[in-house]
Amino acid sequence: MQAHELFEILVRENADMLTAYLRSVIRDASAADDVFQETMLTAWRRLGDYDKTRPFGPWLRGIAARTMLAWRRQRARSFALCDEEILEHLGARCETIQSQPGDTWDQKLEGLRDCVDKLPDRYREVIQRRYAEEEPAESLAERLQITAETLKKRLQRGRARLMECLERKLRWTETPEGLRSVLEGN
Amino acid sequence: MSTTPPTTSDDEPLPGERPQIDAAVADFVDRGIPIDEASLDHAGRLRAADGLLVHSLLEQSLRTDVVARERRIVRVCAAVEKLAAEVAVPPPVIPRRRRWLTPLVVAASLVIAAAFLRVPFNPSRQTSLAAVTATLKAAEAGTDRKYLVTTELRTAAGEDKSIQADLWVHGNSRYVLRQDGALGDFLMGSDGVEYWVTPSIGPIFVGKTPGLLEQLVLGDARLATPFLQLTSILDRMAQRYELSLLPEEDLPAAESSAKIRCTHVLARRRGDVDPLNPETIELWTARQSGIAQRMILSWPLADDDSGLRAVTLNLRPVESSISEEWYGHRAHHAPDRDIIERTPEAQP
């Protein structure tokens, strides 16, 4: 088996985690795809530097973090919050998700889906329609016979409740070692 | 009298809730309005980051976009393959032998064969078929043996290459195959219960089905399976090859400078047998002990042809006593590596 074929296994194993990490910072989907590509190619070129006794995910996020910081200097509008501290914080969050039961990233997100299921009806409905069905805000508000402002509020509160649920499930207050060592070590 | 609508418990503020920050995040993700970072304190920035992460995770978990995911992966893999081709010899094209017949798969197939390579040689039945069929029946829990597996191939650029791997076998069910790769050692093996693949980096794959993991890692599962199951090379020799006994030969002993007298069997592929199988297989077994000393599988190539040419197993001394744990995957990777268990049901 050749090196690039082995690397494809790593790409597939880490694609979803990396996408979630990038999309937390980069709003524009095509820009996130470009950073995804650049991150993976940098990882490929620098595989010789990778310490094989360590997990691959944090190392990959370290590369992604540096790539995002470089991109942000040129394309600030595509990015939300993006500095070393924020990226380290998000990297630590990803690590707690990665430590959840399950083989794949999707399976590790079962806890979030469970949180959605437990939302009060009014919040669960708008979250489901907003994310699962991509229903536009206008038609969703009309269907539910609520104002746009109420819809916005419900989405906002629904997400706040999910955040609180995840904090409990994932024990985010007991954050493991973050990305700083990776950022500083490279 | 208050004009505020009555609240329910659903509307009670949550611990740590920061409505203004959550609203800013909502404006950003739902309307594209930039977040005013200057207005956020330290805790507020982290709260906003969490809000953005939750938004990202919701998009991913509630609306899995398989097409976009695959497009991203394919784009990366194509670029990596191109980069790899720029710095390395192109992978060999193996005409008529299909992609699955990679050196590693062939070597893996020999794992099973090597497990059976104990020939209780019977001088009174000194025929080639007797030697091979007796080998098949003589699968027994024995001592650890080590073989050096050498794979010879010709690249599309016409360059002859040789790849080596170490193979440890014990009885008919335990084995470890270790091959150096560009990224470090690549190992596969079985302790008789679990089958496992340990790439140099990335997760460890473990399963209970022979061949399943090799399929996962090496691809093209359907075709790889026959060689990786208990349909061994030796079984093929007996069933699909014309066997002949060649003159005995003296081969160097693995553990000393002495010579060992060996029975030498030559197997030629029958005309109706799939050309995927080697054209010839040669087997040398020690006349006294019955232990296989050498095995060579050959696929003759035309001058302008590229692909696999030969795989050779040579018995080597075992460095020291080998524990049972050696045949389990945990002996070959750091304890914190991710382990993925694969079952037939989990296969796509």
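This is a predicted model: local features need pLDDT of at least 70, side-chain atom pairs count only at pLDDT 80 or more; totals for chains, interfaces and linings use all residues.
Let me begin where the two chains meet: the axes of helix α1 of chain A, residues 3-23, and of α2(B) come within 8 Å and cross at roughly 140 degrees. That angle makes α1(A) oblique to α2(B), and the crossing in which α1(A) passes α2(B) is right-handed.

Now let me widen the view to the whole contact between the chains, which takes 61 residues from chain B and 60 residues from chain A. On the chain B side, at least two residues each are supplied by α1 (19-31), α2 (42-62), α3 (66-87), β4 (184-191) and α6 (212-218), and the largest share, 17 residues, comes from α2(B). By class, the side of chain B that touches chain A has 34 nonpolar, twelve polar and 15 charged residues.

Is His55(B) buried or exposed? It is buried, because 25 other C-beta atoms lie within 10 Å, where the cut-off for calling a residue buried is 20 or more. Leaving aside residues up to four places away in sequence, His55(B) touches Arg159(A) and Val29(B). The C-alpha atoms of His55(B) and Ala26(B) are separated by 9.1 Å, although these two residues are 29 apart along the chain.

Turning to chain A by itself, helix α3, residues 56-74, has 19 residues and reaches 28 Å from its first C-alpha to its last, close to the 27 Å expected at 1.5 Å a residue. The buried residues of α3(A) include Phe56(A), Trp59(A), Leu60(A), Ile63(A), Met68(A) and Trp71(A), and Arg61(A) is also among them.

Finally, some totals for chain B, whose secondary structure comes to eight helices and twelve strands. Of its 348 residues, 38% count as buried, and among contacts in chain B between residues at least 6 apart in sequence, 56% join residues at least 24 apart.

Terms used:
Residues are numbered from 1 along each chain as its sequence is written. Chains are lettered from A and ligands numbered from 1 in the order in which they are written. Two residues are in contact if their C-beta atoms, placed from the backbone, lie within 7 Å. Helices (H or I, at least four residues) and strands (E, at least two) are DSSP runs, numbered from the N terminus. Ala, Val, Leu, Ile, Met, Phe, Trp, Tyr, Cys and Pro count as nonpolar, Asp, Glu, Lys and Arg as charged, and the others, Gly among them, as polar. A residue is buried if 20 or more other C-beta atoms lie within 10 Å of its own, exposed if 12 or fewer, and partly exposed in between; C-beta atoms are placed from the backbone. Axes are lines fitted to C-alpha atoms, for helices over the stretch in contact, and angles run from 0 to 180 degrees between N-to-C directions. Angles under 35 degrees count as roughly parallel, over 145 as roughly antiparallel, 65 to 115 as roughly perpendicular and the rest as oblique. A crossing is left-handed if the near helix is turned anticlockwise from the far one by less than a right angle, and right-handed if clockwise. The expected span of a helix is 1.5 Å times one less than its number of residues.
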